[in-house]
Structures are given as structure tokens and as C-alpha cells.
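Colleague: I am new to this one. Could you walk me through how to read it?

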Amino acid sequence: MNSTRKFGLTLLVLVVAMWTAPAFAQGCAMCRANANATPKEAQRAINRAIFVMLAPPLGIMSLGVGFAACYARKRDREKEQDL
């Protein structure tokens, strides 16, 4: 990957990250206020629910990255053998 492409990709990631920042800021205040208003048991349940909802997407993304890395290594080995 050449440097111009890397720079463009980095810039794109930065722009997308900055674009979504206001959405994260708006949700934090409401969620924190609601969570603080609940009893301790409910707060623990909310924390567990967040982790439960976070696990499947992280697992799927981890598998996807793992498969992509294996494919890239296999492709690179095949290219080396062809040379």
C-alpha cells in the first residue's frame, strides 16, 4: 500500500470518527443520569446487559479479522511460491 493511499485511509477514518463524536456525547449524559437514578442491583444489571450486547459484535469482528489475516497469509505464501 503506497503512502498516499495510507494517508487517505487514515484521513477517512479520522473524519468518520469525528463525525460520530457528537452522537456519543449526547447519549452519555442521559444514560448516566438514568443509571444513577436506579438502585445498585439495577446498575449491575445494566452493566451486565451492556457486556452481553457487546460480546456478539466483538466476536464476529474478531472472527472476521482472523479469517482475513489467515487469507492474507495464505495468499502471500502462494505468491512467494509462484516466484
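Colleague: Is V16 buried, partly exposed or exposed?

Modeller: Keep in mind that the model is predicted. Buried means under 20% relative accessible area, and exposed means over 50%. V16 has a relative accessible area of 40%, so V16 is partly exposed. V16 sits in helix α1, which covers residues 3–36.

Colleague: What is the secondary structure of the chain?

Modeller: The chain has 2 helices and 0 strands. Of its 83 residues, 2% count as buried. The accessible surface is about 7800 Å², and carbon and sulfur atoms hold 70% of that.

Colleague: How many salt bridges are there?

Modeller: A salt bridge needs a side-chain nitrogen of Lys or Arg within 4 Å of a carboxyl oxygen of Asp or Glu. By that rule there are 2. One joins R44 and E41, at 2.5 Å from N to O.

Colleague: Where do R44 and E41 lie in the helix?

Modeller: Both are in helix α2, residues 40–82. They are 3 residues apart, so about one helical turn separates them. R44 is partly exposed, at 43% relative accessible area.

Colleague: What does R75 form a salt bridge with?

Modeller: Its partner is D76, and the closest N and O atoms are 3.8 Å apart. R75 is partly exposed at 34% relative accessibility. D76 is also partly exposed, with a relative accessible area of 38%.

Definitions and conventions. Residues numbered from 1 in each chain as written. Predicted model: local features only at pLDDT ≥ 70, side-chain atom pairs only at ≥ 80, totals over all residues. Heavy atoms only, no water. Helix = DSSP H or I, 4+ residues; strand = E, 2+ residues; numbered from the N terminus. Buried < 20%, exposed > 50% of the residue type's maximum accessible area, 1.4 Å probe, protein only. Areas by Shrake-Rupley, 256 points an atom, 1.4 Å probe, with all protein chains shown as cover.
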